[in-house]
Amino acid sequence: MFTASVFILITQSVLAETDGVSSVSLGDKRKSISTIPQLSEVELPQTNAALLLTQNPDAEAIVEVTGVRMNQTEKGVEVILETAKGDALKPVQKNEDNKLIIDIPNSQLRYEGGDTFRQEKPFAGIAEVLVVNQDNNTIQVTVTGETGLPIVELFDGDEGLIFGVTPAAVTQQSQTPPVEEKPASETPQEQPSAETDEPIELVVTGEQDGYRVRNSSTGTKTDTALRDIPQSIQVVPRQVLEDQNVTRLEEAIRNVPGVNTTFPPNFSNGSFFAIRGFTTRDDSGNILRNGLPDFLATRQLDFSQIEQVEVLKGPSSVLFGRANPGGTINLITKQPLRDPFYEATATVGNYSYYRGTVDLSGPLEDSKQVLYRVNAAYQNLGSFTDFKNSERLFVAPVVSWAISDRTKLTLEGEYSSSENEVDLGLPAAGTVLPNPNGRIPLNRSITEPSAKPFDVDLYRIGYTLEHKFSDSLSLRNAFRVSSFYGTEDQVFGTGFEPDNRTLNRSFTTRTIDQSSYNFAVDLVNKFSTGSIGHQVVFGVDLSRFEISRFRGIGRSIESIDLFNPVYGQPLGDPFPIYDNGNLTDALGIYVQDQVTLAENLKLLLGVRFDTFNQTLQNFITNTETSVSGDNFSPRVGIVYQPIEPVSLYANYSTSFTPVTGIASDDSTFQSERGRQYEIGAKVDFTDRLSATLAFFDLTRSNVLTDDPNNDNPSFSIQTGEQSSQGVELSIGGEILPGWNIFAGYAYTDAKVSEDTDLDLVDNRLENAPENSFNLFTTYEIQQGDLKGLGIGLGFFFVGDRQADLANTFTLPSYLRTDASIFYKKERLRAQVNFRNVFNVDYYESAFGDFFVFPGEPFTVQGTISWQF
């Protein structure tokens with residue numbers, strides 16, 4: 001399909017101009033037309049671009065610009081506004097101080113990524129290039145010069161119109177004495193070689209472009225280039241999620257080196273991971289939604305509303321409060337679009353996999369001040385495991401209101417209801433360990449078909465208020481409340497009879513009632529002290545995590561022969577096992593300063609003070625225990641860029657986590673502490689391909705261990721320590737046009753460094769492989785009759801892992817191979833994904849002798865999506 005394009009070329013060379021006509025060779029098929037008219041000169045003569053420029057803009061219909069990208073040549077940069085064939089675009093120029101402003105009447109940005117494109121300092125002499133919807137009828141392109149007003153020229157080519165912009169500083173340096181004006185036909189032409197006209201793709205698509213993401217707010221609470229953040233951050237962008245047909249967080253996270261699954265998602269209707277060897281879960285504060293902690297963030301998570309997943313490696317308490325030290329996962333949700341967007345998707349797969357989603361967005365009124373987005377999904381899924389089925393309904397509406405040009409309010413809601421049969425794995429003997437009776441089939445279930453599924457309802461509602469007092473001072477306030485209620489029957493193994501085939505079981509009916517409340521307000525101020533720039537964040541947050549009820553009612557249940565199971569045995573009378581409550585309130589105050597000492601030298605300083613109070617209730621014994629404390633969490637980091645594409649960084653960061661336990665003298669315990677030293681490098685190989693290399697030394701201290709001076713096993717002392725050292729490498733982006741890659745490798749040496757049980761010292765931490773790597777790559781044909789056809793190939797390797805802290809047995813390593821084939825044409829996308837192509841038997845994770853979780857065998861899923 002032919003597309004007409006408008007280009008803005010920002011060049012570093014001086015282009016000759018006479019009689020308002022500039023002449024320059026941009027390749028065999030690009031020709032000079034004229035300069036862009038000022039507001040008083042909006043009538044353009046008929047030229048060979050007449051198909052794109054009309055003589056009466058008032059008579060034109062709105063032209064939709066459906067895509068924006070930026071190319072770089074040796075001369076400069078081209079911003080491409082993609083439109084349909086024959087659409088007319090008529091740019092008009094005006095100037096303000098150092099700003100070159102180009103208005104394009106009768107046009108609008110209408111694309112899924114949003115309505116603003118921004119690129120700061122694309123090259124010397126240009127401070128910023130900005131493309132926005134100025135109003136409901138006009139696109140505005142602004143080019144800001146660093147030392148003066150850029151100079152603009154207009155060219156034409158097969159691609160469309162080209163606006164050549166020369167930085168003022170470059171113009172002054174390159175000027176020659178004035179010459180007598182001549183007709184355009186007599187103007188000497190600069191003839192660069194053909195090599196100078198080959199474009200190099202440059203990312204300017206808002207938040208992300210393809211497999212590479214430039215900016216993130218996870219590491220600083222400000223929209224900051226990843227190369228300027230002195231900490232390792234990996235972002236799994238929307239395109240990767242789409243190409244892999246990701247529907248669970250576990251599937252997305254396997255693309256991040258150094259992160260591994262520790263529990264299956266149905267264990268507690270959430271997700272559990274080990275980052276750099278340490279447990280990461282939502283109720284410990286390690287999971288964010290749009291930068292705000294949510295202690296129920298992964299419960300009922302549906303990827304129909306997820307835009308991308310960001311992973312901050314290492315401690316992050318300075319910004320987000322209590323959390324385990326391994327890292328933080330930030331779930332970025334889809335936001336309303338200014339222009340209508342409608343998409344429906346259907347997926348069908350083996351093991352009775354059925355899933356459908358809709359994504360609807362656009363304005364609610366003509367001025368486009370009030371926008372909406374609704375993501376909804378329904379799924380009915382089977383499984384390779386016997387009796388394991390699930391069903392879920394999900395809907396997430398969002399409304400944003402631009403109250404003024406400086407104030408925006410966003411309201412978000414979410415409701416989800418599901419039923420999931422619970423599977424708690426298989427014993428180690430017969431799976432990863434030998435069993436004299438043979439191998440247990442991996443589809444075997446130890447539960448009962450009559451066991452009640454995990455029946456869950458989740459509600460989530462919140463708001464975000466953003467206000468700009470000035471260009472340098474802004475405020476962001478966010479609040480969210482999440483409520484989770486679920487009941488389930490759990491059946492799990494407790495031990496083998498001497499025959500090693502008869503498994504004793506336990507039966508528990510669980511009730512879980514939890515709520516999460518999170519409030520944060522951040523004040524961001526940009527200013528300078530002499531030649532030193534500052535971006536200061538001052539913030540306050542409040543949180544409450546309430547477990548109103550966590551109750552377990554047990555029943556006796558008959559054992560089962562795992563090699564010849566007979567189901568449907570009667571249950572015994574109910575009896576209470578546990579009935580607890582928990583309430584944790586916390587207040588945090590923090591300040592951070594992003595200091596620009598020089599253009600290539602940046603410093604990050606931060607400190608936070610937290611105070612918390614935790615109350616534990618035992619409803620069976622009618623007792624209550626309270627724990628309180630406070631913590632300081634500092635962070636310091638530095639970035640040095642010896643050359644523009646390379647960032648060298650170092651950081652020191654900390655974290656804390658409240659702990660509960662019983663000391664023999666009834667004293668309370670201090671919080672666990674995390675401390676990390678990290679150095680690394682971030683490299684932009686090209687404008688579309690980048691990599692991060694990180695070396696880290698991470699220590700978790702104040703870990704509870706058994707009290708060796710007391711016979712009561714419930715008593716603890718706080719002398720334990722765990723450490724993790726390693727190296728991580730990640731790379732993502734476009735190697736060549738149409739060829740994308742997303743890959744990583746991690747070496748992690750995570751072990752117990754101190755413990756009162758000397759047998760545990762130097763043991764490896766559970767579910768933390770020493771070596772792991774991931775590689776996913778796609779290629780899409782760029783032209784010809786097969787344009788839009790593509791293939792994908794993925795390899796995911798996870799090394800040997802210990803199943804428990806005692807290192808009693810090892811989960812073997814595995815290499816899983818995935819593949820895909822897809823076809824995209826205009827509004828249609830068809831895709832088939834193959835997982836575990838070679839049907840390898842492997843194990844995702846384990847926690848003890850009777851909880852080993854097999855990975856899924858070969859699966860195939862076909863997806864069709866349509867935008868309308």
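How many bridges join strand 12 to strand 13? The model in which this can be looked up is a predicted one. In it, strand 12 covers residues 126-135 and strand 13 covers residues 138-145. Eight bridges hold the pair together, and the two strands run antiparallel.

Five strands make up an open sheet, and reading across it gives the order 8-9-13-12-11. The pairing in this sheet is antiparallel. Which strands stand at the edges? They are strand 8, residues 92-96, and strand 11, residues 116-123. Each of these has a single partner strand, so one side of each lacks a neighbour in the sheet. From one strand to the next, the twist averages 20°.

Strand 22 meets strand 23, residues 272-275, over four bridges in the antiparallel sense. Within this part of the model, Asn260 lies opposite Ala274, which is in strand 23.

Asn763 sits between strand 46, residues 739-754, and strand 47, residues 771-780. Is Asn763 buried or exposed? Its relative accessibility is 13%, and a residue counts as buried when this value is under 20%. Asn763 is therefore classed as buried. What does Asn763 touch, once its neighbours within four places in sequence are left aside? Its contacts are Ala750, Lys751, Val752, Leu805, Ala806 and Asn807.

Last comes the chain as a whole. Its secondary structure consists of four helices and 55 strands. The chain has 868 residues, and 55% of them count as buried. Among contacts with a separation of 6 or more, 66% are between residues 24 or more positions apart. The accessible surface of the chain is about 35700 Å², and carbon and sulfur atoms account for 54% of that surface.

How values were computed
Residues are numbered from 1 along each chain as its sequence is written. This is a predicted model: local features need pLDDT of at least 70, side-chain atom pairs count only at pLDDT 80 or more; totals for chains, interfaces and linings use all residues. Side-chain values use heavy atoms; hydrogens and water are left out. Two strands pair if DSSP finds at least two bridges between them. Axes are lines fitted to C-alpha atoms, for helices over the stretch in contact, and angles run from 0 to 180 degrees between N-to-C directions. Buried means under 20% relative accessible area, exposed over 50%, partly exposed in between (1.4 Å probe, protein chains only). Contact means heavy atoms within 4.5 Å. Accessible areas come from the Shrake-Rupley method with a 1.4 Å probe; for residues, only the protein chains shown count as cover.
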